[in-house]
Amino acid sequence: MNSSPVGLHRVLEPPGVLPQAARRLDPDPRIAEDEVRVRLERLNLDAASYRQLHTAHDGDPDAIRAEVLEIIRSRGKMHNPVTGSGGMLIGVVDEAGPKSPLGLEPGMRIATLVSLTLTPLHVEDDLRRWDGRGEQVPAEGHAILFARSIAAELPADLPPGLSLAVMDVCGAPALTHRVVAARTVPAVALIAAAGKSGSLA
């Protein structure tokens, strides 16, 4: 399979756009030389996406689960068409192409640090272990990472739920520190700190 480091070869429609802007991606499990296939353990839906789904379905967990499954099946990724958001995942590296620059090896438990809106995704279990009542989604299936994707190996002593909470907003504390460190006498106000990013920052 010929590949693009940013995943252009996985775009099914419309042609010529980046994976994040695509309506549909190809989640074929066969990987190119610079790709990585990850066996899914858990998806973490973006908070805005889950809130929209919850509202749209009056909190009905079966309807929420059905819509998430339909989004993934029809788009080849988790990309909520209403909010434009996705989330991230944790899983175990299944196979790494010989030219992948990510430094990942089979058996490594990782968190993806790129959005599910640009990650080819295939679910095999109908999300039947998910009760639909929260953003963390146990799932079986696979995801594909490109040469320009980003992932981090998970510490062995970090529980999956905590891993998702921390890694999902991993850029927030670093960005807050960078902004604050540039000031002689910093004063910081966090608006809407009830969310994951605000709380962690």
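Leu8 is partly exposed, with a relative accessible area of 39%. That value falls in the partly exposed class because buried means under 20% and exposed means over 50%. The model shown here is a predicted one. Leu8 sits in the segment before strand 1, which covers 11-13. Together with Val6 and Leu18, Leu8 makes a nonpolar surface patch of about 240 Å².

Now step back to the whole chain. The protein has 201 residues, and 42% of them count as buried. Its accessible surface comes to about 10,200 Å². Carbon and sulfur atoms account for 53% of that surface.

The protein holds 5 helices and 9 strands. Read from the N terminus, the order of elements is β-β-β-α-α-β-β-β-β-β-β-α-α-α. How far apart in sequence are the residues that touch? Take the contacts between residues at least 6 apart in sequence: 72% of them join residues at least 24 apart.

Which strands pair with strand 3? Strand 4 is one of them, and the two run antiparallel, joined by 9 bridges. Within this pairing, Val38 stands opposite Val93 of strand 4. Strand 8, residues 141-145, also pairs with strand 3 in the antiparallel sense, over 4 bridges. Here Arg37 has Ile144 of strand 8 as its bridge partner. Strand 7, residues 136-138, pairs with strand 3 as well. That pairing is again antiparallel, with 3 bridges. In it, Asn44 stands opposite Gln136 of strand 7.

Strand 4 covers residues 87-96, and Met88 lies in it. Is Met88 buried or exposed? Met88 is buried, because its relative accessible area is 3% and buried means under 20%. Met88 also shows how the fold brings separate parts of the chain together. Met88 and Leu113 are 25 residues apart in sequence. In space, their C-alpha atoms are 6.7 Å apart.

Leu8 is partly exposed at 39%, while Met88 is buried at 3%.

Definitions and conventions:
Residues numbered from 1 in each chain as written. Predicted model: local features only at pLDDT ≥ 70, side-chain atom pairs only at ≥ 80, totals over all residues. Heavy atoms only, no water. Buried < 20%, exposed > 50% of the residue type's maximum accessible area, 1.4 Å probe, protein only. Patch = residues over 30% accessible without salt bridge, like charges linked within 9 Å, V, L, I, M, F, W, Y side chains within 5 Å. Areas by Shrake-Rupley, 256 points an atom, 1.4 Å probe, with all protein chains shown as cover. Salt bridge = Lys/Arg side-chain N within 4 Å of Asp/Glu carboxyl O. Pairing = 2+ DSSP bridges. Contact = heavy atoms within 4.5 Å.
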